[in-house]
Amino acid sequence: MKLYPGTAILVLVTILGGASPTLAAGDATAGQAVFNSRCAMCHTTEPGVNKIGPSLAGIVGSKSGTVPGFNFSPAMKNADITWDDAELDKFLANPTGDVHGTRMFVNLPSESDRQNVIAYLHTLKK
């Protein structure tokens, strides 16, 4: 079978366009390792258990400043962010630049670390 360049490009676009964004986003296992080394000192993954920072169980898809029992900064309470992949990536890259007045000051400068942590956060259920 002869494959013409235009057909090959169409096949490639179809394959890549149909790829799951979850698979492309990051590695949850690697993200758990990053979380444990960079985030776990302040955050827990156990529902209802807050530390210096709020529990991150079920955080993906939730609204900013709404984890029960955690005393959020006024900035985070008023941020009106829904924690999707893009918002999490932006916040984790530069928390104080994204939400002026947040108490979170630790960032994840590595894009791959952020994508892996976000993939891990997707695995956390309330």
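Mentor: Let's start with some ground rules and the overall picture, then go through the pairs and end with the helix contact around one of them.

This is a predicted model, so a local feature needs pLDDT of at least 70 and side-chain atom pairs count only at pLDDT 80 or more, while totals for chains, interfaces and linings use all residues. Residues are numbered from 1 along each chain as its sequence is written, and side-chain values use heavy atoms, with hydrogens and water left out.

Now the overall picture. The protein has seven helices and zero strands, and along the sequence it reads α-α-α-α-α-α-α. Helices here are DSSP runs of H or I with at least four residues, strands are E runs of at least two, and both are numbered from the N terminus. Of the 126 residues in the protein, 32% are buried. For that word the cut-off is under 20% relative accessible area; exposed is over 50% and partly exposed is in between, with a 1.4 Å probe and protein chains only. As for contacts, those with a separation of 6 or more include 42% between residues 24 or more positions apart; a contact means heavy atoms within 4.5 Å.

On to your salt bridges. I'm calling it a salt bridge when a side-chain nitrogen of Lys or Arg sits within 4 Å of a carboxyl oxygen of Asp or Glu. That rule gives four of them.

Take Asp80 and Lys63. Their closest N and O atoms are 2.9 Å apart. Asp80 belongs to the loop between α4 (74–77) and α5 (85–93), and Lys63 to the loop between α3 (28–39) and α4, so this pair ties together parts that are 17 residues apart in sequence. As for solvent, Asp80 is exposed, with a relative accessible area of 58%, whereas Lys63 counts as partly exposed at 38%.

Next comes Glu87 with Lys90, where the closest N and O atoms are 3.7 Å apart. Both residues sit in helix α5, three residues apart, which puts about one helical turn between them. Glu87 is partly exposed at 22% relative accessibility, and Lys90 is partly exposed as well, with a relative accessible area of 43%.

The closest N and O atoms are 2.7 Å apart. Arg114 lies in helix α7 (residues 111–122) and Asp89 in helix α5, so here the bridge ties together parts that are 25 residues apart in sequence. Both partners are buried, with Arg114 at a relative accessible area of 9%. Leaving out residues up to four places away in sequence, Arg114 touches Asp89, Leu92, Ala93, Leu108 and Pro109.

The axes of α5 and α7 come within 10 Å and cross at roughly 130°. Those axes are lines fitted to C-alpha atoms, for helices over the stretch in contact, and the angles run from 0 to 180 degrees between N-to-C directions. The two helices are therefore oblique to each other. On that scale, under 35 degrees is roughly parallel, over 145 roughly antiparallel, 65 to 115 roughly perpendicular, and the rest is oblique. The crossing of α5 past α7 is right-handed. A crossing gets that name if the near helix is turned clockwise from the far one by less than a right angle, and is left-handed if anticlockwise.

Who makes the contact? From α5 it's Asp85, Leu88, Asp89, Leu92 and Ala93, and from α7 it's Arg114, Gln115, Val117, Ile118, Leu121 and His122. Sorted by class, the contact of α5 with α7 has six nonpolar, two polar and three charged residues. In that sorting Ala, Val, Leu, Ile, Met, Phe, Trp, Tyr, Cys and Pro are nonpolar, Asp, Glu, Lys and Arg are charged, and the others, Gly among them, are polar. Asp89 and Arg114 are both on the contact list, and they're also the buried salt-bridge partners.
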